[in-house]
Every structure is written in structure tokens, then in C-alpha cells.
Amino acid sequence: MKLERNWEIKAGFLTKARNIYRKGGFNPAFYAYRYRFNTYPDKFKIGKYPLDIIAEASNICNLRCSMCFQCDQELPVAKTTKVSLMTMDTFKKIADECARYRIPALKLNWRGEPMLNSNFTEMVRYAKAKNILEVTSLTNATLMDEHICREIVDAKMDQLVISIDGFTKEAYEKIRIGADYDTVLSNLENLISIRGKLKKPFIRLQYTESDLNRHETDNFYHYWKNRVDEITVSYCQDFGSPEKNNAMNTPIHEFCCKQPFQRLVVMTDGNVCVCATDIMGSISIGNIHDSSLKELWTSPRINEVREQHKTGYYHLNAMCRICAHNIFLANKKAGRQDI
């Protein structure tokens, strides 16, 4: 059975089209980038350079959300790198190469809360000064005070995704352990107010649906749909790894991952892996301090992973086999598959 992604945009066709225009405006480079990003994986095609770079500003988090690997003792992500917060020098090397190779998209988040890095807004400003087409990040918004809001808007950050998993204080704080619901709402309202009629950043809310908040999903959507630019609903997916799961006991599905044909993920210390779901960095292909993004993009290891997916043998890679089954389980639980 072919697997679906485990998230969806809550919007009709016209709203989705409007939002794409709001992001791209009259810039043909944006639409060319999105076309390649969405179509290249289906054709098993790779460009000269990746289309998207994830630069992990932080691999630590100030929350312990109920569905997150940050509170899973079997997945100690902070121990996978030498440093917890990416240095400005490492980030500049990444951003400089993105600019040199005209890599269109740069994300500043991965496994941790990026605003724990005191250089976060400087990173945004530096990347936009390099004319990188789309600079984005995800945050839990607990640290997004008025100063950071103003910095983000002034730097013309392209998109900010804010994770809010509840419509009531009770549900939200039961899920997002360590967060204060009222503070997060105040921070979000500040960002909306400071941005005003400006187009950037594009504000997307990400709502992770679970048994704890499923009864609030509709209320959440109807309240926020006209206050922010976009809302996505994702479905709880277990984050596995070869360190935690026995791949040989994991079922095989019809599956081909898009990520090896789209992006590279740079960890806080510069180590590079192939996929954003590989939270323990088990498919490592090198380090940004030893090789360029261009060299890493065509390295033998990533080409081997691509060939496995292209030929239907993704399951020979333990991490890919575990990930595919976890996507299957998330879809099944959400009722999105005819199992």
C-alpha cells in the first residue's frame, strides 16, 4: 500500500492557491523552486544542488511535549552532536554556500527549539541579506517575545511555522509540558500585530492531532483560519531509529521517500544527514566543515540511499524501513488509510 504524508493543509483549493501567490508573488524563481521540489522526487531526478537545506540552530528544547522524541530516553538526540547550539560561523558557511549555489530554501529548525540559540534572529537576517529565496523556521513560540517578533519582521523572514496543539489551556498544557498557553497566545498576537499589513513572515500554525486534543481540532481551525495565513494538521507519528527499533521485525510497505531528492540536513556541529526524520543522524554522509554542500549532495552514500528508494529496496536501509512503517501507523490511526 502506498503511504501518504502524515500531515495536511486545512484549506480549500482557492485558499491554497492564494497562499502560494502570497509566498511567491511575481517572482518566477519561487514557482520554479516549488515545481522542482514537488516533482523531482516522483521522477527520481536530482538537480546539481539540493533545493532545501535544514540548518539545525538548536538540538535542545525547553519543552517536553507528550508526542515528541525530546522526552524519549531511548532517543537522546542532544548526544548525537558535539554542540547543542549551532555557532554563527557554522551557519554562515551554510548560508554562504546556499547563496553561492543558489539553493533556494533554508530552514533554521530541526530537532530543538531554534530560539534557544541567541543568534537566531542574526541568522535570519544574515540569510536574507544573502538573498536566499525562502528562509523559514518552526518554533513553539514560548520565547518569541516582542523584541524577537520585531527582529523577525524587520529581517523579512519568509515564513514562520508556530506549533500550537490545543484550543484550550487545559489541552495545550497537557501536551506541551513546560509551556504557558497564555504566554504563547500573547506572543502570537504580538507577531500578528507587529507584522500588520506586511506580507512577511507568512504565518502558519501547525497543530499535531492526538487523543488529547482531537476534540478541539475544529474549534482551533475555525478560530484561527482568518487570523493567520495557513493551518496544517499533522498526525502523531512515533520517531523510531535503529537504536530503538528492530528493523528486521518491521513490515515492508510500498514506499519511496522524497527527501533524498530534495534536501540535506545539517546538524548543529556540521554533520550532515539525508533526512529530517532521521533524528539520530544514522544516515550520515559527511560534515559541512570537511566538504561542500555540492560535494555532499552527490556523495556515494546519498546516491546509494536514492538508488534503494528508486528500485523499491528502501527497506535495506534500517532507518528508512522503520520510518515508512511509522508513517503507515500514523495514517492508520488517523483513519486516512483503508487498511
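1. Which residues lie nearest the centre of the second largest pocket? They are Arg36, Tyr101, Arg102, Ile103 and Pro104, among 18 lining residues. A pocket here is an open set of points on a 1 Å grid over the protein atoms alone, where a 1.4 Å probe fits, with protein on both sides within 12 Å along at least five of seven lines; lining residues have an atom within 4 Å of a point.

2. This is a predicted model, in which local features need pLDDT of at least 70 and side-chain atom pairs pLDDT 80 or more, while totals for chains, interfaces and linings use all residues. Residues are numbered from 1 along each chain as its sequence is written, and side-chain values use heavy atoms, without hydrogens and water.

3. The second largest pocket holds about 300 Å³ of space. Its lining comprises 12 nonpolar, two polar and four charged residues. Helix H2 (28–39) and helix H3 (88–100) each give two or more residues to this lining, and H2 gives the most, with three.

4. Helices H4 (residues 120–129) and H5 (residues 146–154) have axes that come within 9 Å and cross at roughly 5°. The two helices are therefore roughly parallel (angles under 35 degrees). Phe120, Thr121 and Arg125 of H4 make the contact with Ile148, Glu151, Ile152 and Asp154 of H5 (heavy atoms within 4.5 Å).

5. The whole structure contains 22 salt bridges (a side-chain nitrogen of Lys or Arg within 4 Å of a carboxyl oxygen of Asp or Glu). One of them joins Asp52 and Lys107 at 3.1 Å, N to O. Asp52 is in strand E2 (residues 52–55) and Lys107 in strand E3 (residues 105–107), so the pair ties together parts 55 residues apart in sequence.

Terms used. Axes are lines fitted to C-alpha atoms, for helices over the stretch in contact, and angles run from 0 to 180 degrees between N-to-C directions. Helices (H or I, at least four residues) and strands (E, at least two) are DSSP runs, numbered from the N terminus. Angles under 35 degrees count as roughly parallel, over 145 as roughly antiparallel, 65 to 115 as roughly perpendicular and the rest as oblique. Grid points are joined across faces, edges and corners, and a volume is the space filled by probe spheres set on the points. Ala, Val, Leu, Ile, Met, Phe, Trp, Tyr, Cys and Pro count as nonpolar, Asp, Glu, Lys and Arg as charged, and the others, Gly among them, as polar.
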